[in-house]
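Me: I have a model open and want to learn how to read it. Can we go through it feature by feature?

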Amino acid sequence: MAEPQPPNLHEGATTGDVEDEVQAAKSAEDRKAAAAMASMGSNGADDANGSTAVDQEAASKAMKSLGGEANKPAAAVQKKVKVDAADVTLLVDQLDLTKPKATELLKAHDGDAVKAMKASIAV
Amino acid sequence: MPQPLSAKENSLFRQVIRNYEDKQYKRGLKAAEQILKKNPKHGDTMAMKALIINQQGNTDEAFALGKQALMADMKSHICWHVYGLLYRHQKNFEEAIKAYKSALKLEPDSLQIQRDLAFLQVQMRDYQGYIQSRTAMLQARSQIRQNWTALAVAHHLAGDLTQAETVLTKYEESLKIPPSKTDFENSEAVMYKNTIIAEQGDYQRALDHLESIAKTNLDRLAVMELRAEYLTKLEKKEEAVKAYRALLDRNAEHPDYYNKLIEVMGIPDEDTAAKKAIYDEYSEKKPSLRCCQASASGFCDVFREAAKKYLTFMLDKGVPSTFANLKHLYVDSSKKEVLEALAHEYYEAKKSDAGEAKADDPFKGEGAALYYLAQHYNFHLSRDLTKAMEFVNKGIEKAPDNVEFQMTKARIIKHTGNTQKASEEMDKARNLDLKDRYINTKAAKYQLRNNETEKGLETVGLFTRNDSPAGPLNDLLDMQCIWFMTEDGEAQVRKGNVGLALKRFHTVYNIFDVWQEDQFDFHSFSLRKGQIRAYVDMVRWEDHVRDHPFYTRAALGAVKLYLDMHDGKTLTDGVNGDDKNGDAAERKKAAKKARKAEREAAEKAAKQDPNKPKAALAATTEPLVEATKFLVHLLTYTPKNLEAQLAGFEVYLRREKYVLALGCLNAALALDASHPTVHEHTIRFLTAIRSKMASLPPKVQEVIKSEFTAIAPSTDLEEFNDEFFAKHKGSVPHAIAAIKMKELVDEDEDKASVEKQLAALLGAPEITFEDAQTILTILRGSGSKELDEFKKKAAEKWPEVTAFA
């Protein structure tokens, strides 16, 4: 059984930033200040919701068409290269790198440790 | 599995969250305890309790509890989220990202977690991750404009300009009603899109787009500037000229517009008459334009005439910044001479008729000329300190109360190497105008240069907030006053207070950290306010904030100290140079002992004071690791700085990271192959490699063999060194390097004979007091017997230089 949570739970409220959820203001003064802040840069807080200006359907359609394209370039970057663990250790030691960074560097040079080291000190 | 609670406790739990948000930590804690009494293993409550404890400043305890909470309830997104928040609070952003991701997996629809994650990703420059987060956020709430803009920014920062533009266009297309003309967010977003088009290099399209939005856009100036820029790039000269003229009509004091106008008009560099005509045209329209006149006087064949007019005008008025306005012309030696002659001419003319028309302000006319001449002879391109002194003294005679003259006098004395006197004179200047922060700061700086650290602090203290409880230093810290920290650190180095010096350098380091973190709030703020162009600028600025000269100075200072510490030659607080007559081994022992004692004291102190005390910094057991911390940023952000590469070599060679040391050496060679220290490093690298090569992994050997190309591996180093010595005869810094290396490459030489030769350099005809200071530092560092003798002789040679006194 899931325990019910308040709908607008945000633990990070003190450090994080609540951008579009209007936080319940504590006092009248706070509310006033919040309203003033919100209207400062955006010429009326209403625009932020934009529900009047945006065609909901068109927006989501536009977004879907984006989604397909967005994933492609990321996939292309991920090339499968076999990396020798000993080479990773060598690079970590010689080049003062973290393990993930060393692995990344090796992958970028087809797993060739010598090439990777040469490239890392190239002027 | 989230653990169920009874209805009553559920409402209590909600109260805990509310209390936390309202910062009512005590109440929240009480409520949490109440729940835990009945359900001691309730993960969410434990997590919330940890969060509250953390806010109260008890980080370690909070972390322990946060971990327990996770153990109790691995499947709770609240526990993971809290864990991430704790890490974030500790500034361990990488771990925080991991925790947020786990939380998000358990609760994919949580906007809050998604947002927290996104900001961390952009802060850490994980752009691919940021794009993913932003896409998810857009999917969740696609009707909000800023989510679209944010995704575009993510693509933009990741370098995918086309995608960024597509996102913006897609949003615009989905609008049913065009946004109102006064919609600032829209105006900014449209301009942002325009800059993205331009960044792709497609200026025609950028121009067309700009024309289509020009009428309605709110940022007029940006539209005009961009239009002029695009037209220039597209080589539409006539229109570009018109655009720049329009800009000049708005603001004729912007030198950049003139330069660009001249550029697009196609006026060649030599055609100074045509250039002057343009400046004249505008200065006629508005005779008060100063920038115009100063620039106009920069053109050659009419130079004398223009400069005369300008100089006379400025000196008649007694404008103090006259020299500062003109000194950029001094790189051209013919102009330098003309200006010198003109100033003399003016001075003579004024001197002769000074009798009849006693000027009411001593700083106008003759006084201004004296001031100009004093600065002229003090400037490094036209330096003649005796003459400078002469003119400044005449000036002081004329106007004894004038700060400017007194200050210049101090500056002239500084250039003679007499920091003691310079500091005194600058303090005199300060006393002439006690309300002037500028002269106060100057005086403090000169005191620090003269190693009067306490007095310096007192002097700056006159202008800090005096209600701060821990004295002026605290206020300087709050104000992130890096110049003071750097200067004071360097002064402490000279005084041998290693701990205090390191503390200052660490302070500078930390201030830069704070600047790095300061951007965090803007990831959301700028988007909310719609100021995207400024935001992107800021993110890019943050990416290279550490190439700031003060970071470089502080980092180099710290690295140097840590190196000395590693070599065991630093004279730490307790061990001063008194026992320098004892042999080296004994000194080392003493230093070790002192360090150990200090370390113990530091450990004790560390328990009382959470802020690293100075002794702890000086007592680090791994000075090279600490040095690397400073070094990494140096090499990343200022790779073109020779000093940085040299420092890098020193650190990596000692750490036996030969590949990296070679990297620094090669970079240094590329920057300045004939630099004396680069010569030293080449020899030292080869020597090190010769003895260590066999023990290195084969792959490393291969890299070194192919990349070490400065000299052949079989080079006879003694010969190589001698050649270098002969080649650079007449240069003392090169001689110092060559002699230092003799100890390493020449079997006949030992420490004592090398030191003798170094000391003998004092007799070289071309030696300057700066060179002698370098030798002094070397001799002092190695605890040489020659030290006292050398100092005495140097003091005879340069009686005015404080360092030898």
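Me: Is the crossing of H7(B) and H30(B) left-handed or right-handed?

Reply: A crossing is left-handed if the near helix is turned anticlockwise from the far one by less than a right angle, and right-handed if clockwise. The crossing of H7(B) and H30(B) is right-handed. Contact here means that two C-beta atoms, placed from the backbone, lie within 7 Å. On H7(B) the contact uses B:Phe119, B:Val122 and B:Gln123; on H30(B) it uses B:Phe520, B:His523 and B:Ser524. Those residues divide into three nonpolar, three polar and no charged. (Ala, Val, Leu, Ile, Met, Phe, Trp, Tyr, Cys and Pro count as nonpolar; Asp, Glu, Lys and Arg as charged; the others, Gly among them, as polar.)

Me: At what angle do the axes of H7(B) and H30(B) cross?

Reply: Axes are lines fitted to C-alpha atoms, for helices over the stretch in contact, and angles run from 0 to 180 degrees between N-to-C directions. Helix H7 (residues 111–123) and helix H30 (residues 520–529) of chain B cross at roughly 115 degrees, and their axes come within 9 Å.

Me: What kind of model is this, and how are its parts labelled?

Reply: The model is predicted: local features need pLDDT of at least 70, side-chain atom pairs count only at pLDDT 80 or more, and totals for chains, interfaces and linings use all residues. Residues are numbered from 1 along each chain as its sequence is written, while chains are lettered from A and ligands numbered from 1 in the order in which they are written.

Me: How many helices and strands does chain B have?

Reply: Helices (H or I, at least four residues) and strands (E, at least two) are DSSP runs, numbered from the N terminus. Chain B comes to 44 helices and zero strands. Chain A comes to six helices and zero strands.

Me: What share of chain B is buried?

Reply: A residue is buried if 20 or more other C-beta atoms lie within 10 Å of its own, exposed if 12 or fewer, and partly exposed in between; C-beta atoms are placed from the backbone. Of the 805 residues in chain B, 42% are buried. For the 123 residues of chain A, the figure is 18%.

Me: How do I read contacts along the sequence?

Reply: Take contacts between residues at least 6 apart in sequence. In chain B, 54% of these join residues at least 24 apart. In chain A, 26% do.

Me: Which residues of helix H39 of chain B are buried?

Reply: An α-helix has 3.6 residues a turn, so residues three or four places apart point the same way. In H39 (residues 698–707) of chain B, the buried ones are B:Val700, B:Val703 and B:Ile704. They lie on the same side of H39(B), because they cover an arc of only 95 degrees around the axis. (The arc is that of the directions from the helix axis to the C-beta atoms.) B:Pro698, B:Lys705 and B:Ser706 are exposed on the other side.

Me: What covers the buried residues of H39(B)?

Reply: The cover includes helices from both chains: H4 (85–95) and H6 (113–121) of chain A, with H37 (658–671) and H38 (676–692) of chain B.

Me: Where is B:Lys23 found?

Reply: B:Lys23 sits in the loop between helix H1 (7–21) and helix H2 (25–38) of chain B. Its phi is positive, about 60 degrees, although it is not a glycine. B:Lys23 counts as exposed, with 11 C-beta neighbours inside 10 Å.
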